[in-house]
Amino acid sequence: KIQSDKLEEPTRYYFENRTDKGRYDEIIARLKPYSFKDFERKTIIITVLCPKFNEGSLEGFVNQLETRLKNMFHIETKFSTLFLENTKTETYEDATYHEIIKSSTLVIVILNEEHIKLPIKQSPYYICKAKLIGQEIPTQDVQVKHLQKHNQYVMNNLALNIYAKIGGTGWTIEKVEKRK
């Protein structure tokens, strides 16, 4: 015997328990995220670890991400960049001990295509993630291909990931007690 049920879309609650329907990015921008008060007078410091030869693509990406974080999540950000001389894992690892990292709220690690295929123990992302978790600094990886193409959905998801990783809550949903 097969029975199907249709799950209703949950109601999302934003700042001060306001609610609306539609795309989350548009609603958060209009109603503010659920945890807006936690970030109201704070500046989030984001450091980007990026290979030097990707410098030309980075500025437009950072500008768009900064705008998205401000307009969508209503947070103030300050970006700094630590350029890496090469793409060796050791270079990424050494950068995690740089003085600029210590004051960061979050670190974005820019990865090339070859980094994605590396085993975890040789991956710059996982090594940076492990080293920075030890310093209580969350990380977000970004592939180089996203520096050049500013896809709206990728940028929205990236902004949402960053907001969550710094302790923000975009929205909550109602808890519906149903017995099956």
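Is Gln135 buried, exposed or partly exposed? At 29% relative accessibility, Gln135 counts as partly exposed (buried is under 20% relative accessible area, exposed over 50%, partly exposed in between, with a 1.4 Å probe and protein chains only). The model is predicted, so local features need pLDDT of at least 70 and side-chain atom pairs pLDDT 80 or more, whereas totals for chains, interfaces and linings use all residues. Residues are numbered from 1 along each chain as its sequence is written, and side-chain values use heavy atoms, without hydrogens or water.

Gln135 belongs to the loop between helix H7 (124-133) and strand S5 (139-143). Helices (H or I, at least four residues) and strands (E, at least two) are DSSP runs, numbered from the N terminus. Beyond its neighbours within four places in sequence, Gln135 contacts Thr96, Ile101 and Lys102 (contact means heavy atoms within 4.5 Å). From Asp5, Gln135 is 130 residues away in sequence and 46 Å away in space, C-alpha to C-alpha.

The largest nonpolar core has 31 residues (a core is a set of buried Ala, Val, Leu, Ile, Met, Phe, Trp, Tyr and Cys residues joined through side-chain atoms within 4.5 Å). Phe61, Leu65, Leu69, Ile108 and Ile110 have the most contacts inside this core. At least two core residues come from each of H1 (24-31), S2 (43-51), H3 (55-73), S4 (106-111) and H9 (152-165). H3 gives the largest share, seven residues. Leu65 touches Phe79, Ile108, Met155, Leu158, Ala159 and Ile162, leaving out residues up to four places away in sequence. A second, separate core of 13 residues includes Leu49, Leu82, Tyr92 and Cys128.

S2 and S3 (residues 76-84) run parallel and are joined by nine bridges (strands pair if DSSP finds at least two bridges between them). Ile44 stands opposite Thr77 in S3.

Six aromatic pairs are found in the whole structure (ring centres of Phe, Tyr and Trp, the last by its six-membered ring, lie within 6.5 Å; planes under 30 degrees apart are stacked, over 60 edge-to-face, the rest tilted). Tyr24 and Trp171 form a tilted pair, 5.2 Å centre to centre with 45° between the planes. This pair links H1 to the loop between H9 and strand S6 (172-173), 147 residues apart. Tyr24 is buried at 16% relative accessibility, and Trp171 is partly exposed at 23%. Ring pairs link Tyr14, Tyr24 and Trp171 into a cluster.
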